[in-house]
Amino acid sequence: MTATSVLGPLGGMRVLEIAGLGPGPFCGMLLADLGADVVRVDRPGGGFGFVPAGLDLLNRGKRSIVADLGEPAGVELTLALAERADVMFEGFRPGVAERLGIGPDVCLRRRPGLVYGRMTGWGQRGPLARTAGHDIDYIALAGPLHAIGPAGGPPQIPLGLVGDFAGGVYLAVGLLAALREAQASGRGQVVDAAIVDSAAHLMTMFHSLLAAGVWRDERGANLGDGAAPFYGVHLTADGEYMAVGALEPAFFREFAARLGLGDADHLNHLDPATWPELRTRISAAFASRTRDEWVEVFAGSDACVAPVLGMREAARHPHLVERETFIDVEGVTQPAPAPRFSRTPGSVRRGPSLPGRDAEEIVRDWLG
């Protein structure tokens with residue numbers, strides 16, 4: 001087995017991450033899961049305080065060194081590491097990295113082939129570029145937040161998934177794309193990854209539907225946003241929920257039969273005019289049994305029905321157990337690396353590193 005096979009598909013890739021919040025650390029975790037050697041430059045005093053450093057799973061698989069970017073020695077250490085990195089990224093507001101002395105111009109002068117990523121909410125230019133914001137603000141402006149929620153109700157916050165962490169995935173894709181080009185051209189470049197851009201990009205299909213006149217620009221009014229009773233969630237007798245996604249006629253027929261709605265051919269489920277009556281019948285049926293009873297009813301079927309599980313429950317589901325979708329690392333249950341690779345699998349090589357713990361090792365490995 002080669003070293004790359006052990007480390008994953010990104011084995012041998014060096015990534016320098018300037019510690020930050022949300023999408024940046026998620027990007028670094030994703031690259032580390034896939035085998036990259038990710039070195040995180042932490043600020044003196046450690047992390048950002050949301051969870052203890054030893055439980056911050058976004059920092060799993062990385063090594064940490066501390067550098068005070070307010071001091072010349074800390075800046076020089078960071079630049080020395082940048083000279084030996086394939087990829088570097090930061091999550092400051094525009095202009096901050098330049099003010100600290102670690103902006104892309106100085107880094108690219110010292111390493112012309114470097115890929116330099118910039119992870120922000122609003123991007124590097126535009127009227128809002130230098131203003132503060134959080135995930136909810138970016139997805140509000142880009143459109144996703146407006147589209148999520150019940151008819152007549154307020155927008156619903158989709159955790160940080162659509163903004164923060166999807167933004168981190170876009171950063172990772174951008175860095176890898178730029179690295180591939182740099183390996184061919186010998187020239188690095190700057191990747192401007194803005195959450196507001198990625199949130200808008202995620203809405204591409206819905207803009208297509210809107211342009212075609214088959215999507216209404218309002219909540220709870222469309223096929224796929226909860227308006228259709230056969231694509232949504234329903235309360236069970238024990239206060240739990242079942243999720244239904246029986247869109248296609250064949251799937252809906254099986255769903256209707258197992259739910260006890262009778263012959264589905266006459267129901268014309270794709271006609272919105274039938275939805276109020278269908279919702280009443282479907283909701284009443286689900287309310288007659290517990291969630292686990294319905295799991296048994298729909299087991300092994302193509303009805304596209306699943307129980308709505310909590311985080312702890314999800315880790316125990318037989319399908320996810322067999323796939324090892326969740327793993328235990330140093331006593332902490334967490335999602336396994338994704339996606340899967342047949343020859344060079346990703347892995348979690350270490351738990352979250354404490355700030356500065358790996359300084360001696362990093363200096364030896366990167367700086368000699």
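A residue counts as buried when its relative accessible area is under 20%, as exposed when over 50%, and as partly exposed in between (1.4 Å probe, protein chains only). Ser353 is at 1% relative accessibility and therefore counts as buried. The model is predicted, so local features need pLDDT of at least 70 and side-chain atom pairs count only at pLDDT 80 or more, while totals for chains, interfaces and linings use all residues. Residues are numbered from 1 along each chain as its sequence is written, and side-chain values use heavy atoms, with hydrogens and water left out.

**Around Ser353**
- Ser353 lies in the loop between β11 and α16 (359-367); helices (H or I, at least four residues) and strands (E, at least two) are DSSP runs numbered from the N terminus.
- The side chains of Ser353 and Asp358 are joined by a polar contact of 2.5 Å.
- A polar contact is a pair of N or O atoms within 3.5 Å; within protein, one must be able to donate a hydrogen and the other to accept it, and residues adjacent in sequence count only if both atoms are side-chain atoms.

**The hairpin**
- Strands β10 (residues 326-329) and β11 (residues 332-335) pair in the antiparallel sense over four bridges; pairing requires that DSSP finds at least two bridges between two strands.
- Ile327 has Gln334 in β11 as its bridge partner.
- Two residues separate the strands of this hairpin, and Glu330 takes a positive phi near 55°.

**Nonpolar cores**
- A nonpolar core is a set of buried Ala, Val, Leu, Ile, Met, Phe, Trp, Tyr and Cys residues joined through side-chain atoms within 4.5 Å.
- The largest has 32 residues, and Val115 is among those with the most contacts inside it.
- Helix α8 gives the most to this core, with seven residues.
- A second, separate core of 24 residues includes Phe92 and Cys107.
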